[in-house]
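Morning, everyone. Let me put the model on the screen, and then I'll walk you through it.

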Amino acid sequence: MNIQFTKSSYTNLFKHPAMGISLHNWVMLLFKIRFKIYIGFLPKALFLTGVIIFNTPFHLYEYFRFSRKIKKVKLKPPVFVLGHPRSGTTYMNNILSKDPIFSFSSTYDVLTPHVFLTFGKGFKKILGKSLPSTRPQDNVKMTIDSPKEEEFAMANMSQTSYIHGFFFPKNIFKIYNESVLFIEGNYSEHWKKKYDYFLKKLAFKYKNNQLLLKSPANTARLKEILELYPNAKFIHIYRNPYDVYRSTERLYEKILPITSFQKADNHQMEEYIINAYSKMYQKYFNERKDIPANQLYETSYENFIKSPVDTIEIAYKQLELNSFKKAKELFQKEVKDVLSYQKNNYDSISESIKKKINTEWKFAFEEFGYEFE
């Protein structure tokens with residue numbers, strides 16, 4: 001891994017995903033990391049703090065205006081796209097989002113979760129112009145209305161999001177244990193309360209359509225999700241573990257220089273990828289057995305890429321979703337529109353890392369049916 005911090009890492013003030021964070025949440029995060037921010041990132045942290053203070057009255061206004069109505073919303077059973085980061089979850093989610101029965105969290109929704117009900121089109125347009133045309137880690141197109149994982153909203157609304165590890169990579173193991181695995185700090189109830197509120201807020205905005213949700217971290221939260229939504233549906237996509245590792249390395253190389261307030265250590269991040277994947281799938285496999293067959297569909301990335309629409313048709317049948325015929329042409333159009341997409345090229349994995357993958361991810365190779373190199 002080769003994480004490089006350049007001049008823009010310190011001077012880029014307007015593109016941080018925490019611009020929409022609440023003041024209380026920001027202060028609590030700083031206390032948790034004991035204000036250990038690298039000195040070169042202090043100007044960015046101070047600027048962000050100023051923006052947060054400025055935004056606070058607008059956050060409060062929207063909360064007091066709508067919170068009672070939001071809490072009364074009765075959610076339809078959501079559909080969750082699961083899978084480790086870099087396993088094809090975004091492509092799956094983008095195609096499924098074309099089905100009119102679904103509503104989803106847009107980029108605008110997750111970056112401004114406290115004010116997206118009251119801020120007008122003008123602010124949305126300004127924010128949209130500040131976004132890059134593609135995601136930093138790959139060539140996937142991104143607009144202000146594109147589907148975006150709700151984990152970014154949770155980073156702005158709660159103390160429980162693995163995205164906080166992007167902000168504070170020196171604390172990334174602890175953050176993951178608290179917010180994804182729930183094995184430190186007893187944060188499970190906090191996460192459920194904040195997550196349910198955000199989903200109800202989305203449903204309130206979109207007239208209570210069935211929600212389509214995609215957060216890789218939810219792969220390790222089956223138990224907690226089913227406690228909230230017993231009839232939820234899940235589509236799980238998995239990928240060759242070697243490709244997942246290579247692609248996840250690239251993700252952190254591209255994202256951390258933009259989002260971090262601490263200097264990330266290359267070796268630590270390599271260890272984190274190995275550990276996070278292992279712990280995520282150990283928890284997933286343990287909790288998956290309790291899900292009824294008509295609530296879970298699983299497919300490999302490789303099969304999905306070969307025939308996306310056919311795969312989705314099978315998923316709809318298994319999950320007893322009845323809208324496939326109406327949405328089929330929309331799915332086909334989305335697939336056609338991204339035919340020119342250029343995948344990333346990755347460096348080979350070092351022998352030492354490959355040895356760790358073969359040892360610590362052995363159970364996943366066996367479960368998913370992939371061969372060892």
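First, a term: two strands pair if DSSP finds at least two bridges between them. Helices (H or I, at least four residues) and strands (E, at least two) are DSSP runs, numbered from the N terminus. This is a predicted model, where local features need pLDDT of at least 70 and side-chain atom pairs pLDDT 80 or more, while totals for chains, interfaces and linings use all residues. Residues count from 1 along each chain as its sequence is written, and side-chain values use heavy atoms, leaving out hydrogens and water.

Start with the sheet. Strand 4, residues 233-238, runs parallel to strand 5, and five bridges join them. Isoleucine 235 stands opposite tyrosine 297 in strand 5.

Now zoom out. The sheet is open, has five strands and parallel pairing, and its order is 2-3-1-4-5. Strand 2 (102-104) and strand 5 (296-300) are the edges, each pairing on one side only. From one strand to the next, the twist averages 20°. For angles, axes are lines fitted to C-alpha atoms, for helices over the stretch in contact, and values run from 0 to 180 degrees between N-to-C directions. Contact means heavy atoms within 4.5 Å.

What packs on the sheet? Helix 4, residues 89-96, does, touching strands 1, 2, 3, 4 and 5. Its direction makes about 160° with that of strand 3. Helix 10, residues 188-205, packs there too, touching strand 1 and strand 3, at about 130° to strand 3.

Next, the core. A nonpolar core is a set of buried Ala, Val, Leu, Ile, Met, Phe, Trp, Tyr and Cys residues joined through side-chain atoms within 4.5 Å. Buried means under 20% relative accessible area, exposed over 50%, partly exposed in between, with a 1.4 Å probe and protein chains only. The largest core has 91 residues, and Phe80, Phe234 and Tyr252 are among those with the most contacts inside it. Helix 13 (residues 266-288) gives the most to this core, with 10 residues. Apart from it lies another core of 22 residues, including Val79 and Leu321.

On to helix 12, residues 241-259. It is mostly covered, with 14 of its 19 residues buried.

Last stop, glutamine 159. It lies in the loop between helix 7 (151-157) and helix 8 (164-167). Is glutamine 159 buried or exposed? Buried, because its relative accessibility is 8%. Its contacts beyond four places in sequence include Met28, Tyr187 and His190.
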